[in-house]
Amino acid sequence: MKSDHHLMAPTAASAPVIAVKAEETFFNVVLMRINWSALPLGCSNLWLEAISEETSMATSRILVIWYSRTGTTRQVGKSLTAALHCDGEEILEDISRGGILGYLRSLLGSLRQKPSRIAATSKDPLTYDLIVIGTPVWTWSVSSPVRAYLITNKAKLPEVAFFCTLGGAGGDRAFAQMQELVGRRPVGYLAITADKVASGAYNAEVAKFAEALQQGLARQGESVAASAA
Ligand SMILES: Cc1cc2nc3c(=O)[nH]c(=O)nc-3n(C[C@H](O)[C@H](O)[C@H](O)COP(=O)(O)O)c2cc1C
């Protein structure tokens, strides 16, 4: 993937913060022993190249949709929805992913690259110009509920952009999987570490990403209008 302000050098500050709940301690210790920060963390946007000064949201419809197990991706999804002044929706499941069983289910499902059973979503992708899809990274992969959403809605998706939250590594691989599942290149993607979300230090990145997406849509609208003239 082409990138511009992308590959942030991982620092000690971006080391993984995985919520330590008593019942998850063993697995978190295993995950935290993995050197997440040895791998690059992607943060880029194709539309950020040569963006115009003017932004027009007049005719663009955007949906931000995400899955979140422990609230981190939800927080970014809601911030993006607010920054884009657009619709937002969370992907839900019937099953619980709380506790050790839920944690194990998530771990195994992502290792097996299996979609999970998700509840029907209420927003119709066909009525949007851009869908921004967010996932937590699970074992360097897209989460099972987002995998299911992408498989279910593949044929209906307009332009797509991706975001993820993660301990520190695997975002690029998760984005590559998402791209393969939808069969198209995202117009932009953003990876934010869980510790950044927890500290609140992610808002500037979200704002920049949202601005780039808006301007990209505006430019796209202009070129469609120009070719129709
Ligand atoms: C089963 C599982 C696997 C995970 N695997 C990774 C991983 O490969 N790389 C990483 O950086 N973080 C990993 N994490 C950490 C989550 O990506 C991170 O905490 C994320 O922000 C959680 O988002 P959520 O609160 O929206 O569920 C994993 C977490 C779980 C539960």
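Student: What should I know before I start?

Tutor: Residues are numbered from 1 along each chain as its sequence is written. The model is predicted, so local features need pLDDT of at least 70 and side-chain atom pairs count only at pLDDT 80 or more, while totals for chains, interfaces and linings use all residues.

Student: How many residues does helix H3 have, and what span does it reach?

Tutor: Helices are DSSP runs of H or I with at least four residues, strands are runs of E with at least two, and both are numbered from the N terminus. The expected span of a helix is 1.5 Å times one less than its number of residues. H3 covers residues 99-111, so 13 residues, and its first and last C-alpha are 18 Å apart, close to the 18 Å expected. After H3 comes Gln113, with a positive phi near 55°.

Student: Which residues of H3 are buried?

Tutor: Count C-beta atoms, placed from the backbone: 20 or more others within 10 Å means buried, 12 or fewer means exposed, and in between is partly exposed. In H3, the buried ones are Tyr103, Ser106, Gly109 and Ser110. They sit on the same side of H3 because they cover an arc of only 135° around the axis, taking the directions from the helix axis to the C-beta atoms. Leu101 and Leu111 are exposed, on the face turned away from that buried side.

Student: And where is Leu150?

Tutor: Look in helix H4, residues 144-153. H4 is mostly covered, with seven of its ten residues buried. Leu150 counts as buried because 23 other C-beta atoms lie within 10 Å.

Student: What does Leu150 touch?

Tutor: Contact means that two C-beta atoms, placed from the backbone, lie within 7 Å. Leaving out residues up to four places away in sequence, Leu150 touches Met178, Leu181 and Val182. Leu150 and Leu181 are 31 residues apart along the chain, yet their C-alpha atoms are separated by 6.4 Å.

Student: How many residues surround the ligand?

Tutor: A residue joins the shell if its C-beta atom, placed from the backbone, lies within 6 Å of the molecule. Here 27 residues do, and the closest are Ser68, Thr72, Thr73, Pro136 and Gly167. Helix H2 (72-84), H3, strand E4 (130-138) and strand E6 (159-166) each give two or more residues. H3 has the largest share, four residues.
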